[in-house]
Amino acid sequence: MKKATEAWLDFAHRDLEAAKLLVDHEYVSNAVLFHSQQCVEKCLKALLEEADVPAPHLHSIVKLHSLLNEEAGISFSLDEDELDLLDAVYIDTRYPSGIGLLPSGFPTKEDAQGLLKIAEKVYRKTATRLSG
């Protein structure tokens, strides 16, 4: 594994661990969503880096996922609902201008737990793929 790939994966792991530490505190559910989204973003960028596709300076999980398929020739399954949810939370969980952060309003502890599960799954799949 390339050093740059390792760095992306390490930063993804740090975001995952931050989300895990915060997930039981509903008051900061938006931070859990943010760190979960960041974990997934960095995992996809690690895969791109390893495939010699420069990681673009963007945060859209949908676009990064399509780059994996189109530019890197990597099949990495995430369902459309997960992709859309991950894209929806990036800005809206960081700034108050996006109140209505999710279609149901400010994220709940259950919302945070759900997105954390997606991030954990993506991290595991990425780490396995890169180590194998």
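**View 1. Arg14 and Asp10 sit together in helix H1.** Both residues belong to helix H1 and are 4 residues apart, about one turn of the helix. An α-helix has 3.6 residues a turn, so residues three or four places apart point the same way. Here the two side chains meet in a salt bridge, with 2.9 Å from N to O. Arg14 counts as exposed at 53% relative accessibility, while Asp10 is partly exposed, with a relative accessible area of 33%. Please keep in mind, in this view and those that follow, that the model is predicted.

**View 2. The whole chain, for orientation.** The chain holds 5 helices and 0 strands, and its elements run α-α-α-α-α from the N terminus on. Of its 132 residues, 44% count as buried.

**View 3. Asp15 and Lys42 form a salt bridge between two helices.** The closest N and O atoms of Asp15 and Lys42 are 2.5 Å apart. Asp15 lies in helix H1 and Lys42 in helix H2, so the pair ties together parts that are 27 residues apart in sequence. Are these two partners buried or exposed? Asp15 is buried, because its relative accessible area of 8% is under the 20% limit for that class. Lys42 counts as buried too, at 13% relative accessibility.

View 4. Of the 22 residues of H2, 20 are buried. Just after the helix comes Asp52, which takes a positive phi of about 65°.

**View 5. Lys2 reaches Asp52 through a salt bridge.** The closest N and O atoms of Lys2 and Asp52 are 2.6 Å apart. The pair links distant parts of the chain: Lys2 is in the segment before H1, Asp52 is in the loop between H2 and H3, and 50 residues separate them. Lys2 is partly exposed, with a relative accessible area of 27%, whereas Asp52 is exposed, at 61%.

**View 6. Asp24 in the loop between H1 and H2.** Helix H1 covers residues 3-22, and Asp24 is found in the loop that lies between H1 and H2. Is this residue buried or exposed? Asp24 is exposed, because its relative accessible area of 52% is over the 50% limit for that class. Look for Gln113 in this view as well: Asp24 and Gln113 are 89 residues apart in sequence, yet 8.4 Å apart in space, C-alpha to C-alpha.

**View 7. A patch of negative charge on the surface.** Which residues gather here? They are Asp79, Glu80, Asp81 and Asp84. Asp79 is found in the loop between helix H3, residues 61-70, and helix H4, residues 80-92. With a relative accessible area of 41%, Asp79 is partly exposed.

Terms used: Residues numbered from 1 in each chain as written. Predicted model: local features only at pLDDT ≥ 70, side-chain atom pairs only at ≥ 80, totals over all residues. Heavy atoms only, no water. Patch = residues over 30% accessible without salt bridge, like charges linked within 9 Å, V, L, I, M, F, W, Y side chains within 5 Å. Areas by Shrake-Rupley, 256 points an atom, 1.4 Å probe, with all protein chains shown as cover. Salt bridge = Lys/Arg side-chain N within 4 Å of Asp/Glu carboxyl O. Lys, Arg positive; Asp, Glu negative; His and termini not counted. Charge placed at Lys NZ, Arg CZ, Asp CG, Glu CD. Buried < 20%, exposed > 50% of the residue type's maximum accessible area, 1.4 Å probe, protein only.
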